[in-house]
Every structure is written in structure tokens, then in C-alpha cells.
Amino acid sequence: MKTTIVLGAAVALGCISNAQAILISGTDVGAVDTFMCAKNSTNSSQGYEEDFVKTCTGKTVTLANNIGITDAGLLSEGIYSAINVTPNAPGYFLLKFGTGNTGNDMLVFENLADLNYLVWTDDQLAAALVPSNHVNSISHYTFGGTTTTVPEPATLSLLGLGLLGLGAARRRRSATGGQ
């Protein structure tokens with residue numbers, strides 16, 4: 001039984017994720033957000049953007065805010081770029097690039113981890129075939145309707161440990177004749 005508990009604890013500790021924090025000019029901006037898709041757009045109206053985000057993610061979204069980069073204070077250091085957002089709610093953000101770009105000029109990222117900052121890398125932009133990093137603005141979208149919360153790995157680990165303990169207790173009880 002002790003071996004089972006020790007093994008369960010080791011598995012639980014192994015499941016807890018260690019997200020790497022990124023510092024830009026001494027500010028902890030969290031982790032890099034997940035790149036979803038890119039598009040060479042012909043339009044930038046709110047309805048067009050919402051349709052693009054919905055097509056890319058499969059979720060209905062609503063605009064939380066538009067952020068003009070010159071107004072909001074882009075943080076950039078090395079390959080990392082980030083911007084502080086309000087409201088800090090889970091959602092998607094759309095990077096929009098200025099005039100003069102050819103190719104993809106709208107990129108969708110998913111932001112679920114550190115909700116205070118939207119974070120991307122030059123490598124993500126290059127992989128999406130964006131020729132330069134002169135971001136003009138960002139549209140920050142939150143999920144529309146109801147959302148499903150996903151449990152943290154630590155919560156799942158605790159659930160697993162509890163089930164392991166129940167199984168061990170039942171096994172022990174049946175081995176002693178159910179007393």
C-alpha cells in the first residue's frame with residue numbers, strides 16, 4: 001500500500017505543469033500564446049474578423065476590445081512581443097499588420113494561460129509567412145456563450161490520487177474479509 005501511495009504521489013507531481021515565464025524588460029508576461037491560423041485578408045471589419053476567428057477556432061466570439069499598438073505600449077525584446085490587455089479574460093486575439101505587407105496580415109492566437117498579456121514570437125510570425133513585424137493593431141476576442149472550463153493538471157492529479165486511495169482501501173478491506 002505504501003508503494004502505491006508513493007507511486008501515486010510521484011505521478012501526481014509529474015503531471016503538474018511548469019509553464020516557463022517570459023520576462024520582457026523585467027516584466028513577467030507569462031507564456032507564449034498558441035498560434036491557431038493566418039489569413040491574407042481583404043477586409044478588416046469587425047464582422048469579417050469575428051467570422052475569421054470563428055472559422056479558425058470553431059467558437060463563437062465577441063469583441064472585447066481593439067488595441068492600437070501605438071496607444072497601448074507594445075513590449076518587445078529579442079524574439080518576444082507582448083501587450084497588456086483589458087479585460088483579462090480567456091479568448092483569442094487577432095494580430096493585424098499594417099499596410100505595405102503582402103501575404104498573411106491577420107493571425108489568430110489562443111490565450112488561455114496568463115490572461116493579462118497577449119504574447120507571441122517572431123518565429124511564430126515567420127512560420128505564418130508574415131514578412132515583417134510591424135503590428136498595427138490587435139483585436140481581443142472573448143468566447144461567446146458558455147465556456148467549458150478545463151481542469152488544471154494538479155486538480156486531475158489530486159482526483160487520481162483520491163481514486164487510487166479508494167481502490168487501495170477497498171482492496172485492503174476485501175483482503176481482511178470486509179471487516
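Tutor: First, a term: buried means under 20% relative accessible area, exposed means over 50%, and partly exposed lies in between (1.4 Å probe, protein chains only). By that cut-off, buried residues make up 33% of the 179 residues in the chain. This is a predicted model: local features need pLDDT of at least 70, side-chain atom pairs count only at pLDDT 80 or more, and totals for chains, interfaces and linings use all residues. Residues are numbered from 1 along each chain as its sequence is written, and side-chain values use heavy atoms, with hydrogens and water left out.

Student: How many helices and strands are in the chain?
Tutor: Five helices and ten strands. Both are DSSP runs numbered from the N terminus: helices are H or I with at least four residues, strands are E with at least two.

Student: What share of the contacts comes from residues 24 or more positions apart?
Tutor: 73%, counting contacts in the chain with a separation of 6 or more. Contact here means heavy atoms within 4.5 Å.

Student: Which residues touch the most other members of the largest nonpolar core?
Tutor: Ile83, Leu95, Leu107, Trp120 and Ile138, out of 16 residues. A nonpolar core is a set of buried Ala, Val, Leu, Ile, Met, Phe, Trp, Tyr and Cys residues joined through side-chain atoms within 4.5 Å. β7 (91-97), β8 (106-111), β9 (117-121) and β10 (135-143) each supply at least two residues of this core. The largest share, three residues, comes from β7. There is also a second, separate core of ten residues, with Cys37, Val53, Val61 and Tyr92 among them.

Student: Cys37, you say. What does a disulfide join Cys37 to?
Tutor: Cys56, with S to S at 2.0 Å. The cut-off for a disulfide is a pair of cysteine sulfur atoms within 2.5 Å. The pair links distant parts of the chain: Cys37 is in strand β3 (residues 34-39), Cys56 is in helix α2 (residues 46-57), and they are 19 residues apart. The link is left-handed, with -135 degrees about the S-S bond. A search of the whole structure finds one disulfide.

Student: What does Glu49 touch?
Tutor: Leaving out residues up to four places away in sequence, Ser44, Asn66, Leu94, Lys96, Met106, Ser139 and Tyr141. Glu49 is buried because its relative accessible area is 2%. Its side chain makes a polar contact of 2.9 Å with that of Lys96. A polar contact is a pair of N or O atoms within 3.5 Å; within protein, one must be able to donate a hydrogen and the other to accept it, and residues adjacent in sequence count only if both atoms are side-chain atoms.

Student: New topic. Where does Ser81 lie?
Tutor: In strand β6 (residues 80-84). Ser81 counts as buried, at 1% relative accessibility. The side chains of Ser81 and Ser76 make a polar contact of 3.3 Å.
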